[in-house]
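Hi,

Here is the structure I promised to send over.

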Amino acid sequence: MRRPSTRLLSLAAALTSLTSLVSLSTVPAGNAATGSVVTTTVTFNNPAATTAEQDAIRDHIRGLIGGAERGSSIAVSMYTFSDATVSRALVAAKQRGVSVRVILDHSTLRTNGNEYATLSSGLGTDRAKTSWVYACPDGRGCVGTRTLPGDDGAINHNKLFLFSRTRGADNVVVQTSANMTGYQRTELFNNAVTIADAGLYGIYQAYFADLLKHGTSAGLSHYYRTPSSGRYQAYFFPRRESRGTTFNNDAATDTVKLILDKVGCAPRGEATEVRMAASLFYRKEVADKLVSLASAGCSVLLAHDANPGTVDVGPTMGTVVEGIVAGKLTKRVGCWENSPSGVKIGLHSKYLTVSGTYGGVRGRKLVWTGSHNFSYPALRSNDETLLKIDDPMVFDRFKANHEELMSYCAGT
């Protein structure tokens with residue numbers, strides 16, 4: 001089966017606006033709208049609501065680009081990029097004296113309405129200069145070079161923005177699940193986390209440098225890093241399976257499964273709750289662990305994209321995973337809802353939350369989010385980022401979003 005992410009490449013840039021009575025929670029990007037100093041911010045779009053709510057993540061990022069100060073820098077790594085407003089904002093930043101560097105997956109050059117021409121014309125492609133756009137080699141990621149059986153090659157699946165200074169704050173990291181396309185705003189639920197933290201910013205800058213380093217050289221089949229800074233830990237992929245195993249049969253090196261191994265379920269003690277939002281879900285090791293946690297007394301709630309797929313691209317939830325989780329979790333909903341205009345609403349967020357016992361410690365409130373799908377290419381071949389956040393405010397925002405997804409995606 002070809003990688004499901006390729007379904008995005010044939011979509012037109014102009015898409016129909018949607019309306020709905022449902023209003024999912026969006027933490028407004030106050031810094032983008034008012035110019036206030038950037039703080040930790042969580043932003044969710046709502047494809048089933050107003051244009052402003054659909055565009056919440058895009059407009060938040062555009063505001064941060066607009067707030068980047070002369071002499072500062074912006075670094076971007078993105079899978080698909082067809083949003084003209086963001087590309088124009090990046091070019092305008094360069095014109096006012098901001099260093100702007102953009103790394104894209106090569107496939108974005110084949111996306112309908114892609115903005116590579118705007119970026120290459122406005123930023124240039126000479127990497128000896130302070131601003132440029134670069135596309136990873138065709139048929140691979142910038143780091144990842146591996147092609148899994150049944151797949152069509154690694155990709156740079158990242159979705160991140162780094163600002164050395166914007167809106168009065170230094171060292172700002174934006175980790176989002178959203179590509180910069182219209183489809184991501186108007187037909188899919190997404191999320192973004194904005195964090196100003198020097199340690200985390202340094203970790204992401206080092207990763208960005210490695211994307212360029214390996215993208216302009218032979219690349220790697222294994223690149224797994226888990227650097228941390230205070231309340232934050234990043235996981236960078238691809239990660240190779242153990243010797244003597246296969247890519248899809250090694251629970252000992254499945255990072256998400258290993259994260260879930262630290263969850264403690266106590267039927268007569270503190271209630272532990274696990275919530276997952278999944279765009280692509282194929283990894284049986286993760287599915288088995290979720291079922292195990294539910295059986296052990298944890299509350300396990302799953303909202304997943306339920307696109308049934310096409311002849312060329314399979315369903316977003318694999319049949320093996322479907323068979324494992326069916327009827328065995330606390331609650332599960334599939335997101336593939338009818339809109340008044342007839343367009344289907346799906347889920348592109350990829351996140352995991354845990355409240356309760358984790359790592360033997362009670363009372364934890366943790367979030368993992370990023371570009372990392374629960375698929376084998378995300379684990380074994382793609383350039384991907386997963387970010388762990390230990391912040392009760394961030395957790396509360398994600399929990400509220402997940403509760404509303406569970407309601408909306410259950411149908412009306």
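Before the notes, one cut-off: a residue is called buried when its relative accessible area is under 20%, exposed when that value is over 50%, and partly exposed in between. By that scale C298 is buried, because its relative accessibility is 3%. Its disulfide partner C265 has a relative accessible area of 22%, so C265 counts as partly exposed.

Keep in mind that this is a predicted model. The protein chain has a mean pLDDT of 91, and 91% of its residues reach 70 or more. The stretch to be careful with is residues 1–34, where pLDDT stays under 50. The model does have 107 contacts beyond four places in sequence for those residues, but where pLDDT is low, the predicted coordinates should not be read in detail.

Now the disulfides. How many are there? The count comes to three. If you number the bonded cysteines in sequence order, they pair up as 1-2, 3-4, 5-6.

Going along the chain:

- C136 and C142: the sulfur atoms sit 2.1 Å apart. The torsion about the S-S bond is -100°, and the link is left-handed. Both cysteines are buried.

- C265 and C298: here the sulfur atoms are 1.8 Å apart. This link is left-handed too, with -105° about the S-S bond. C265 is in the loop between β11 (263–264) and β12 (273–278), while C298 is in the loop between α9 (284–295) and β13 (299–305), so the bond ties together parts that are 33 residues apart in sequence.

- C335 and C409: the S to S distance is 2.0 Å. The torsion about this S-S bond is about 100°, so the disulfide is right-handed. C335 belongs to strand β14 (residues 331–335) and C409 to the segment after α12 (392–408), so this pair links parts that are 74 residues apart in sequence.

What about burial in that last pair: are C335 and C409 buried or exposed? C335 has a relative accessible area of 0%, so it is buried. C409 comes out at 4%, so it is buried as well.

If you set this up for your own calculations, remember that a disulfide is a covalent bond between the sulfur atoms of two cysteines.

Cheers

Methods:
Residues numbered from 1 in each chain as written. Predicted model: local features only at pLDDT ≥ 70, side-chain atom pairs only at ≥ 80, totals over all residues. Heavy atoms only, no water. pLDDT = per-residue confidence, 0-100. Contact = heavy atoms within 4.5 Å. Disulfide = S-S within 2.5 Å. Buried < 20%, exposed > 50% of the residue type's maximum accessible area, 1.4 Å probe, protein only. Helix = DSSP H or I, 4+ residues; strand = E, 2+ residues; numbered from the N terminus.
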